[in-house]
Amino acid sequence: ENIASLNIVSPADVKLTARDWVSDGALIRGAITLFAAPPGTGKTAWSMQLAATFAMGAPFAGTTPVNPGKVLVVNAEEPIDEMARRLRAACQGAEYDFSEVSERVKFISGYDSPLLITKQSGMSREIIIDARTDAIAAYCKANDISLVIFDPIAEFGHGEENDNNAQKQFFQALRKMAADGNFALLAFAHTPKTTSWASRANMNMVRGAGSVVGVARFVFTMLKLPVDEAENYGIDKAEAWKYTALDLAKGNMVKGDHAGIWQKKESIDLVTEDGEVESMPYMIDVQIAEPGQDSPKVEAERKQIAHQSIVVDGIFSNVGRAGEVTYSDLCDSIAAGAKNLGVKGVSKQNIRDTLTQLRPSGLGECYRYSDQGLAFYVACVDVSKTGQPIVRFYADHMSLPDGFNYKNMPWPF
């Protein structure tokens with residue numbers, strides 16, 4: 001009797017229309033694009049350059065707006081005056097008229113006026129969506145805003161960033177806001193501080209719950225060129241800090257090739273209204289030839305990251321009752337994954353030995369092992385009559401029994 005509520009339709013009744021791109025291959029109305037980079041990469045300055053070029057309809061970082069568009073930049077960490085300073089620098093570097101760009105770019109500073117899209121209430125962990133999401137959507141639709149930038153996205157959601165349930169609801173609220181407001185949403189995300197060069201184009205480098213990249217339609221990564229990799233790209237080691245690589249990590253709807261878009265950081269002198277001169281960063285697109293093969297170090301790091309992914313995939317694929325993963329299945333998954341990758345010296349027995357040595361020993365203790373945005377949990381749920389800890393493995397801390405607090409630990413493999 002409830003079949004009508006399922007809204008079953010025939011494909012023949014669906015009108016085929018063009019996707020509503022606002023910038024080819026990167027931004028589409030009603031969808032979320034994630035931009036992930038480690039701290040200190042220059043995400044905020046980059047976002048202001050994107051805002052300025054988007055407002056003028058100019059190409060930037062491998063993509064071109066369909067039309068000059070209006071932009072709303074929502075920044076949680078910068079006051080309004082600093083946001084304006086960075087936009088001025090972007091306009092000066094590109095030789096745009098600041099007044100003209102300002103007509104199409106608007107700011108919200110979460111630093112000056114805190115904004116949380118979602119909140120998590122007390123012990124119930126209920127996710128509450130802030131009513132201002134509707135106000136932002138209505139403003140954008142009424143003012144024909146094509147692009148909204150949130151920087152950094154983690155500052156706009158209240159709750160544990162590794163909580164899949166909380167993060168999924170947070171990003172679903174963002175996606176609904178984008179759909180209601182008819183704009184593309186670009187969210188800047190952090191990565192672990194130790195993110196390696198081998199993580200290029202790896203969507204798992206996004207820090208936090210795995211559900212985050214699941215909700216995003218596109219994921220791009222940006223990494224600084226390490227000094228020890230510079231010569232492999234024909235760049236002087238002393239200049240390596242100036243170069244970043246932008247790569248597409250997820251996006252099966254993307255048109256064209258978005259891998260290996262390189263930029264170089266320059267500096268420009270910005271003259272303030274009171275006559276002071278300040279040096280500001282400015283990114284320019286450059287052509288860098290990719291090497292024929294990775295360096296031995298990067299190749300080893302890639303295998304390590306792939307191995308870590310298999311660990312977590314093994315946990316998720318073997319999740320049982322209450323989110324638990326059996327000890328035996330976990331060891332089997334890790335060993336099989338290592339064998340497939342050709343990782344030597346990894347057997348089910350030495351994996352078992354490693355986990356036995358590193359497991360929590362006290363009732364109620366929980367260890368969180370994480371690296372490169374991946375994580376799993378080991379909790380001591382009981383102690384045997386002989387005093388041995390009885391542990392369980394979990395893919396998501398939301399599945400942990402009540403009363404467990406986890407301690408962050410280094411990746412054990």
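**Salt bridge exercises**

In this predicted model, a network of salt bridges ties together Glu-78, Glu-82, Arg-85, Arg-86 and Glu-278. Let's work through some pairs.

**Exercise 1.** Find out where Glu-82 and Arg-85 sit, and whether each is buried or partly exposed.

*Solution.* Start with the contact: the two side chains, Glu-82 and Arg-85, form a salt bridge at 3.0 Å, N to O. Next, look at the helix: both residues belong to H2 (residues 80-94) and are three residues apart, about one turn of the helix. Now check accessibility. Glu-82 has a relative accessible area of 18%, so it is buried, because buried means under 20%. Arg-85 comes out at 21%, so it counts as partly exposed.

**Exercise 2.** Work out which parts of the chain the pair Glu-273 and Arg-88 links.

*Solution.* First, the bridge itself: the side chains of Glu-273 and Arg-88 meet at 3.2 Å, N to O. Then place the partners: Glu-273 is in the loop between strand E12 (261-271) and strand E13 (277-286), while Arg-88 is in helix H2. They are 185 residues apart, so the pair links distant parts of the chain. Finally, Glu-273 is exposed at 76% relative accessibility, and Arg-88 is partly exposed at 33%.

**Exercise 3.** Describe the salt bridge between Arg-29 and Asp-20.

*Solution.* Take the distance: 3.4 Å, N to O, between the two side chains of Arg-29 and Asp-20. In total, the structure has twelve salt bridges.

Methods. Residues are numbered from 1 along each chain as its sequence is written. This is a predicted model: local features need pLDDT of at least 70, side-chain atom pairs count only at pLDDT 80 or more; totals for chains, interfaces and linings use all residues. Side-chain values use heavy atoms; hydrogens and water are left out. A salt bridge is a side-chain nitrogen of Lys or Arg within 4 Å of a carboxyl oxygen of Asp or Glu. Helices (H or I, at least four residues) and strands (E, at least two) are DSSP runs, numbered from the N terminus. Buried means under 20% relative accessible area, exposed over 50%, partly exposed in between (1.4 Å probe, protein chains only).
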